[in-house]
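Here are my notes on the model, as numbered points. Please read them with the coordinates open.

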Amino acid sequence: MSKKPTSVYKGPGPKEANVVLTSASTVMNWAQRSSLWPLTFGLACCAIEMISAAAARYDMARFGWEVFRASPRQADLMIVAGTVTNKMAPVVKKLYDQMAEPKWVIAMGSCATCGGIFQTYSVVPGVSHILPVDVYIPGCPPRPEALIHGIMTLQMKIDGQVNFAAQPRRIEPGYRGPNKEEAV
Amino acid sequence: MTANWDRQGFGEGEPEKHPAVAAIRNDFPSSILEVESSCGQVWAAVTPANVVEILTFLKNNQELQFDFLSDLTAIHWPERPGAEFEIVYQLYSTSKHLRFRLKVPLKEGQEVETASDVWQTADWLEREVYDMFGIRFEGHPDQRRILNPDGFEGHPLRKEFPLQGRVRW
């Protein structure tokens, strides 16, 4: 009569295997940063680089950002890719307002960051004058790698959120709408 | 390879060879102010009074058939008192492969008749001229700004408009 072994380790049981301890913020942040859906729109040549980042060679889908939504109601991320003119500014602002929270803004390229080379009557000197910007990407235009790095930087920022909410963002002071004339 | 500017054969100093010049000289002799050519491109300056009449004539003339208004723009000459503005009509004849430029000198605040009844495309081009220079067109169906926002003040392509705009950065 062979002796039965007193105990055999069979690995964790079904209950133990499915328990992971973490904070709710971590889970929410993980969910929000892992499926950023950008809004489909481009304003100038930066949009070509954005398209390139989404297409086969750079393939943003690898990171979970592939679903460029045609409706602002379904988008989390606004990539301002290009020159924002005074005429376009109210449209961009309206699209941003139509997006549901939580939402983030990336200013892609020199024009969206500060107006770029267009120091003229017709261009908004940086989209930060009308929208709260989370990440600025330099370049004219930035390469797709730079855009990918920018969105990864935004992911790190989202990871730092507490209480399921984005940190309060601010709009740059001093902008009084397009074409408010001053003494020349 | 050198560019052949004189493809149409209206060389420097020979603008009178252009059929459009001959036709205007024949039908509107008192309207012509000046005829010139540069790089093989011929232009004529005419008085603003009957410019639409001349344009209609150029379009409907069987020898010319200028059926395409390829551009309509303006120039500001602040140093030229009495003719501070100049409207430029760029005409093209698709059937005759002819190009011709018509210039109309204007005073500050002077209106010119709309060409939108001759070529429909003049509607938007004249709106652009109004937007950028403040020149109004008599009888225009929809004289609004086209490029700048509706509340915009000033006309950016006038020479007195500040180069970097009026918004403080």
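1. B:S93 stands opposite B:L98, a residue of strand 5 of chain B. Further along the pairing, B:Q90 is set against B:R101 of strand 5. Strand 4 (residues 85-93) and strand 5 of chain B run antiparallel and are joined by nine bridges; strands count as paired if DSSP finds at least two bridges between them. Four residues separate the two strands in this hairpin, where B:H97 adopts a positive phi near 50°. Helices (H or I, at least four residues) and strands (E, at least two) are DSSP runs, numbered from the N terminus.

2. This is a predicted model, in which local features need pLDDT of at least 70, side-chain atom pairs count only at pLDDT 80 or more, and totals for chains, interfaces and linings use all residues. Residues are numbered from 1 along each chain as its sequence is written, chains are lettered from A and ligands numbered from 1 in the order in which they are written, and side-chain values use heavy atoms, with hydrogens and water left out.

3. The model scores are ipTM 0.73 and pTM 0.77. For chain B the mean pLDDT (the predictor's confidence in each residue, from 0 to 100) is 87, with 89% of residues at 70 or more. Residues 1-6 of chain B stay under 50, and the model gives them four contacts beyond four places in sequence. Where pLDDT is low, the predicted coordinates should not be read in detail.

4. Strand 4 of chain B also pairs with strand 3 of chain B, in the antiparallel sense and over eight bridges; B:H76 has B:F85 of strand 4 as its bridge partner. On strand 5 (residues 98-106) of chain B, the pairing with strand 2 (residues 41-46) is parallel, over three bridges, and B:A45 stands opposite B:K103.

5. Which residues touch the most other members of the largest nonpolar core? They are B:L58, B:Y89, B:F100 and B:L102, in a core of 44 residues. A nonpolar core is a set of buried Ala, Val, Leu, Ile, Met, Phe, Trp, Tyr and Cys residues joined through side-chain atoms within 4.5 Å. Helix 2 of chain B gives the largest share of this core, six residues. Apart from it lies another core, of 21 residues, including A:M50 and A:I151. The contacts of B:Y89 (heavy atoms within 4.5 Å) include B:L55, B:L72, B:F100 and B:V112.

6. In helix 3 (residues 46-54) of chain A, the residues A:C46, A:A47, A:M50 and A:A53 are buried. Seen down the axis of this helix, its buried residues fall within an arc of 110° (taken from the directions from the axis to the C-beta atoms), so they line one face. Their cover includes strand 1 (77-81), strand 2 (104-108), helix 5 (109-114) and helix 6 (144-159) of chain A.

7. Is B:H155 buried or exposed? B:H155 counts as buried because its relative accessibility is 17%. B:H155 is found in the segment after strand 7 (137-138) of chain B. Its side chain reaches the backbone oxygen of B:D131 at 3.0 Å, and a polar atom of that side chain lies 3.4 Å from the backbone nitrogen of B:G134. Among the other residues that B:H155 touches are B:Y130, B:R145 and B:F161.

Technical notes:
Buried < 20%, exposed > 50% of the residue type's maximum accessible area, 1.4 Å probe, protein only. Polar contact = N/O pair within 3.5 Å; in protein donor to acceptor, adjacent residues only side chain to side chain.
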